[in-house]
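Subject: Structure for you to look at

Hello,

Please find the structure below. My notes on the side-chain contacts follow.

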Amino acid sequence: MKKNATILCLLLALLPWVASAQKGLPPLIDRELLFGDPEISGGQLSPDGRFLSFIKPYKGTRNIWVKGLKEPFDKARPMTNDQTRPVRNYFWSRDGKYLLYVQDKGGDENFNIYAVNPAEKPATGQEVPAARDLTGLKGVRVAIYNVPLTDPNTLYIGLNDRDKAWHDLYKLNLATGAKTLVRKNTDRISGWIFDWKDQLRLAARSNADGSTEWLRVNGDQMTPFYKTSLDEESEVVGFAKDNQHVYLTTNKGADRNLSEIVLMDPATSQETMFAADPQHRVDVGALEISEKTHEPVLIDYNDDRMRRVWLDKSFEQDFKTVAAKLPNLDVYPTSHTTDERLWLLSATDATHPSVAYLFDRQTKQLTKQYETRPKLPVADLATMTVVRYKSSDGLEIPAYLTLPKGVDPKNLPVVIFPHGGPWARDMYGFNAYHQFLANRGYAVLSPNFRASTGYGKKFLEAGNNEWGQKMQDDLTWGVKYLVEQGIADPKRVGIMGGSYGGYATLAGVAFTPDVYSAAVAIVAPSNLITLLNAIPPYWEAGRKQMYARMGDPNTEAGKAQMFRQSPLNSADKIKTPLMVVQGANDPRVNKAEADQIVVALRDRNYPVQYLLAPDEGHGFARPVNNLAMIAASEKFMASYLHGRYQESMTPAVAKRLGEITVDPKTVTLKKVGTATMEMK
């Protein structure tokens with residue numbers, strides 16, 4: 001009792017100081033404005049430019065809508081009515097006859113393709129046209145390889161119904177749903193490339209040793225013409241105008257650190273340098289090629305902020321016109337008509353969620369279409385900056401820092417927010433989590449730790465076998481940097497992330513238990529051996545590369561390394577308050593990864609909070625689940641880091657939070673072989 005009274009006195013003494021530190025912050029931004037459904041998003045022009053489609057909630061769930069291009073948005077009609085799961089990705093068939101979208105079951109990532117005809121009237125008693133499941137398969141992941149311009153009633157798709165690890169190539173009839181086998185995949189083919197005439201010309205083979213081979217396809221014959229090793233990467237971007245050469249992104253060879261684009265002749269394997277970062281800072285970016293002229297248009301380079309190199313002077317002049325009207329914003333093409341006259345553009349930056357504009361290249365008219373989050377108070381949002389600091393071994397780490405607006409950036413509570421992947425990267429731009437946490441009073445740091453992509457082969461390979469070690473140092477030294485700068489209060493540092501970011505969260509509290517005062521681990525691997533043993537079969541193409549980068553569980557040395565790097569095996573060192581968040585249907589990070597760490601902490605009588613959504617996979621797609629998680633995590637963080645939090649939540653979110661909150665006492669583990677649970 002005396003101990004509790006002492007703690008209460010300390011908290012009461014702290015309250016005036018916390019209130020003073022928070023004075024000057026903008027008003028609390030309702031989490032619904034940041035993480036609820038966008039009012040409108042995902043705009044797409046129909047191929048002929050007559051219609052604009054978009055995603056908007058229908059009866060509380062995101063679905064596809066369509067309106068005439070010149071009609072007001074209140075004249076739009078819903079095209080789909082999926083109330084189980086939001087429709088998030090869709091596209092038009094080449095002739096504009098169908099809207100096509102993919103959907104899985106509860107986040108299991110076994111996607112089927114659906115088609116809806118916007119010209120079709122709803123059946124009697126129905127509110128939307130009928131959506132047809134074109135593939136109609138269970139437990140099968142459908143891949144889309146080509147959307148032919150020359151045959152708009154067709155898609156070329158991959159199905160792994162015969163072999164879960166590899167996709168056979170099929171031709172899908174959009175009108176009838178008939179599937180015709182084109183090639184049975186018995187050669188470890190991971191991708192197919194079609195030319196400008198929609199003829200199958202190239203294939204990518206993932207060899208058993210982890211190397212990648214590019215093959216010419218000629219009838220039943222496939223002939224190699226380019227090969228990259230396990231620690232190199234290559235990708236065919238598309239065919240050149242002559243329909244013979246291809247643009248190929250590669251970092252092959254000891255003399256290449258940053259990836260480049262070469263013009264390659266598959267018939268002779270001769271290559272000519274085409275493009276590389278003129279500033280020699282980052283990997284070559286995405287190459288856009290005109291479907292009308294077959295000429296290259298632009299290359300984007302993801303540096304501290306997006307840089308663009310124009311290859312087509314006509315497009316460059318048009319976008320200069322746009323840029324003059326949208327100063328200081330990053331403008332991205334998102335959709336265009338077949339004749340490339342009309343373009344739908346997205347304009348955004350760190351303090352502006354995406355706004356869609358229609359640009360007519362003939363008249364040069366720019367017309368605003370919609371805002372994704374028009375109710376968000378843009379004036380209260382915080383700026384994002386780039387910082388760089390040295391890690392434990394001197395490697396320079398680039399990171400994005402968002403400081404709360406309206407307060408002196410001194411002695412602040414901090415949240416380290418590492419990205420997922422880990423073979424990905426954070427980029428400059430609007431980030432809902434950064435804005436949310438900064439509004440609550442936290443400084444937010446997202447480091448592009450070693451193993452992040454975009455900074456060259458050496459930077460990526462510096463992360464090989466360094467999970468929980470130097471990769472983790474890159475985060476820990478980020479905390480030290482913020483403390484040295486006077487920005488961070490070392491006693492109020494939290495960490496939060498999903499997927500690999502969730503692993504880094506668990507690793508942070510397990511391997512550096514004195515650094516963090518609160519942690520939220522979302523779909524987080526806790527045991528690297530069980531993680532790799534449970535990866536989906538269709539990840540077979542990348543298995544060897546994962547072993548090279550993470551550790552090989554088939555060797556004693558690899559197993560010992562992964563045992564050491566698994567937070568589960570250091571759970572006895574955790575003393576940081578921890579929240580664990582998981583989707584029950586996650587095919588990437590199995591539910592057992594969350595259950596294991598929860599049970600390990602529970603069994604040593606250490607408090608842990610556990611949220612488990614039965615209808616989600618690798619990350620939460622349903623806003624009600626996401627909002628429940630956000631509401632719980634912000635209150636959790638505030639309890640230990642003393643940032644602000646929003647006490648209120650809608651009845652639906654409060655109800656859902658109760659439903660997905662799990663009592664750790666009820667968690668049981670499925671019995672598995674000891675080889676996967678512990679080191680022999």
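Lys480 lies over the face of Trp477, at 3.5 Å from the ring centre. A charge counts as sitting over a ring if NZ of Lys or CZ of Arg is within 6 Å of the ring centre and within 35 degrees of the ring normal. Lys56 has its charged end over the ring of Trp65, 4.8 Å from the centre.

This is a predicted model, in which local features need pLDDT of at least 70 and side-chain atom pairs count only at pLDDT 80 or more, while totals for chains, interfaces and linings use all residues. Residues are numbered from 1 along each chain as its sequence is written, and side-chain values use heavy atoms, with hydrogens and water left out.

Aromatic pairs

The whole structure holds 19 aromatic pairs. Rings of Phe, Tyr and Trp (its six-membered ring) pair if their centres lie within 6.5 Å; planes under 30 degrees apart count as stacked, over 60 as edge-to-face and the rest as tilted. Phe35 and Tyr433 are a tilted pair because their planes are at 55°, with the ring centres 5.0 Å apart. Phe35 is in helix H2 (residues 31-35) and Tyr433 in helix H4 (residues 432-439), so the pair ties together parts 398 residues apart in sequence. Helices (H or I, at least four residues) and strands (E, at least two) are DSSP runs, numbered from the N terminus. Both Phe35 and Tyr433 are buried; buried means under 20% relative accessible area, exposed over 50%, and partly exposed in between (1.4 Å probe, protein chains only).

Trp467 and Tyr503 also form a tilted pair, 5.0 Å centre to centre with 55° between the planes. Trp467 is buried at 4% relative accessible area, and Tyr503 is buried at 0%. Trp467 and Tyr503 belong to one aromatic cluster with Trp423, Phe449 and Tyr500.

Salt bridges

The count of salt bridges is 45, where a salt bridge is a side-chain nitrogen of Lys or Arg within 4 Å of a carboxyl oxygen of Asp or Glu. Arg388 and Asp304 meet in one of them, at 2.8 Å from N to O. Arg388 is in strand E28 (residues 384-390), and Asp304 is in the loop between strand E22 (296-302) and strand E23 (306-310), 84 residues apart. Arg388 is partly exposed at 30% relative accessibility, as is Asp304 at 21%. Salt bridges with shared partners join Asp277, Arg281, Asp303, Asp304, Arg307, Arg388 and Glu396 into one network.

Regards
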